[in-house]
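This note sets out a few points for a colleague who is meeting the structure for the first time. Please read the numbered paragraphs alongside the display.

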Amino acid sequence: MKPTVAVFSFTGCEGCSLAILECENELLDVLNLVQLVRWREAMTETAQEFDIALVDGSISTHHDVKKVKQIRELCKLLVPIGACAHNAGLNALKNRYGMGQVKETVYGDAGAQFDTIPACPVSAVVPIDFALPGCPIDRGEFVRTVRDLCLGKTPRLPTYPICVECKKKENVCVFFQGKFCMGPVTRAGCGAICPTYGDGCEGCRGFVDDPNQNAHKETLAEYGLTAREVMQHFDMFNSYDDRLP
Amino acid sequence: MTLQVISVAEIRGLLAQLMEQGRVVAPHKRPGDRQWAFEDLTDPADAVLQYTTTIIPAKKYAFPPKETLLRYELGQAPSVTAVVDSEPLVLFGVHTCDLYGLTALDTAFADHFADANYLEKRAKMRIIGIECVPDEWCFCASMGTATIDSGYELFLTPLPDEEHYIVEVGSDAGDEMLKGIASREATAGEVSYLKTHLNRKITQERHLDSDYTALPLLFTGFAESPVWEKWAEKCYGCGTCNLTCPTCFCWDVLDEMGLALTTGERRREWDGCMLEGFARVATGENFRENRTERLRHRFFRKYAYLFTRYGKPYCCGCGRCVRQCLVKIDPVGVINELIAAHGKGGALIG
Ligand code: SF4
Ligand code: SF4
Ligand code: SF4
Ligand code: SF4
Ligand code: SF4
Ligand code: SF4
């Protein structure tokens, strides 16, 4: 029997679950491997039983906490997909402020009635089995991960930084074109897509396991960023990461 | 054969002629400060004649970043087919450092087990070398690669007017290429210019404080040096130095099963000893977990281990590693600092 899969969304743009729909060429093959039983982007069924739960979005309300705990109870494998779910991504920027201030800034006087807590990755609330990084996820990486989970293999993420994929494509390093890049400390897997199109990497896939952050702060400063701008580069997608000072 | 002289226009004509016969690749300008890359030539006018180094060396045509080694089918009658892709190729505009780099790879890929994927591609290459424009990172002279007398069909050196090039012919295929191309014999003055020009190149500013042939012995005294840690402190472990190096040849092998789970392929992809996962084995153990160990290993490979094994250094002095390294970890700087700290004696073995 094919494993059953449910897709859930928490706080995020739902771009990552949409990215699954965009796996156009592979979608039918994926559906030969697994049976989708619940996914509000694509179907009306709301199954209560499933083997694999894919979750996008950060946990950022008390309600999210309760729901993700339930999902954990119901599934065999829990796989956060995308930066929001993987390391809280952009959402964690709000954690720099008090929740009262955040609510007021966004909703004004009406803010008081909203339930919000500091944004966190799924793994901060419940144990996870694997996480797919990226904003959004890489579609190729997604289908390979589904395949590996069905085969009972541990999926693999690159342990090397974006620069490796960038060099394999023989891109001109964006630093040599007057731009800035988080590639040397960011986990590869997206094919260095931003530098390939001439933009610096924003670090959406999170840090490699052993990032040389000091070296990178010096590099960014040497190429002309102020201390504040250096921190902004580090914070953009990685502010939840507690390795930051 | 006497040295010939041809004009830039004739060089372009030669390229046009070669393009009619098949695939030609040449250096092209890329955006950004002093960046070039070998690419397929579609117009002879696009080939850059004067440049320092490409981002990735010519090795990519014999040892591509990603390559399928075999395809397999599962099911009732499982089968495996080896895949070797190769085609005739003219490589235009290769510098002396890179010619040496290719000979270093030739040795490594033929050793022990002849690597058909590399060797077949290499056998179908014809090469036109060209003299370079050194920059502040080049140290080919210290590695004995500022000049080279084989490994090319033709080699071109510009005369002072930069409108004419002296042509050295290195093979019968080179003679063949020149057929139908107008050229004249070099004058005595032009021949002596060639010599002074090469002398200038071999006295380049960046140099090792040691004869390169002494490096394997010197390195025996460097294993425990604190110098490694000092340089590694700013290293990312990003592998750029490995991937851009003309003499690095490491790869990783992966099996990629198709989504239908009935077919798949085995691939190799460039790997590098500066990367965290390089020395990790199946049990999870990592033999060179930290960047200091990896940096030291890389240098020992280039200047000691492979040098000893093959009788020649695995560095051609092209300077790509430091040119592309964001934190400027520079082989000449590192080695000269090691020599300054530990002397030229080398440790006693045993
Ligand atoms: S990671 Fe990016 S694309 Fe995915 S849900 Fe979050 S914001 Fe959207
Ligand atoms: S552009 Fe970014 S990812 Fe590419 S080599 Fe430069 S720093 Fe690395
Ligand atoms: S290059 Fe960087 S920012 Fe762009 S997709 Fe990849 S990890 Fe994300
Ligand atoms: S020496 Fe430079 S290029 Fe090599 S791994 Fe370290 S930081 Fe990257
Ligand atoms: S180690 Fe550096 S200088 Fe030596 S061949 Fe490799 S890239 Fe060139
Ligand atoms: S290393 Fe030597 S041969 Fe190579 S580009 Fe520099 S000067 Fe020229």
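1. Arg323(B) and Asp135(B) join their side chains in a salt bridge, at 2.8 Å from N to O (a side-chain nitrogen of Lys or Arg within 4 Å of a carboxyl oxygen of Asp or Glu). This pair connects distant parts of the chain, 188 residues apart: Arg323(B) belongs to helix 10 (residues 320-324) of chain B, and Asp135(B) to the loop between strand 7 (125-130) and strand 8 (154-158) of chain B. Helices (H or I, at least four residues) and strands (E, at least two) are DSSP runs, numbered from the N terminus.

2. The model is predicted: local features need pLDDT of at least 70 and side-chain atom pairs pLDDT 80 or more, whereas totals for chains, interfaces and linings use all residues. Residues are numbered from 1 along each chain as its sequence is written, chains are lettered from A and ligands numbered from 1 in the order written, and side-chain values use heavy atoms, without hydrogens and water.

3. Arg323(B) has a relative accessible area of 13% and is therefore buried; Asp135(B), at 16%, is buried as well. Buried means under 20% relative accessible area, exposed over 50%, and partly exposed in between (1.4 Å probe, protein chains only).

4. A second salt bridge, also 2.8 Å from N to O, pairs Arg268(B) with Asp115(B). Both Arg268(B) and Asp115(B) are buried.

5. Arg30(B) forms a salt bridge with Glu39(B), their closest N and O atoms lying 2.8 Å apart. Glu39(B) counts as partly exposed because its relative accessibility is 26%.

6. Over all chains, the whole structure contains 35 salt bridges.
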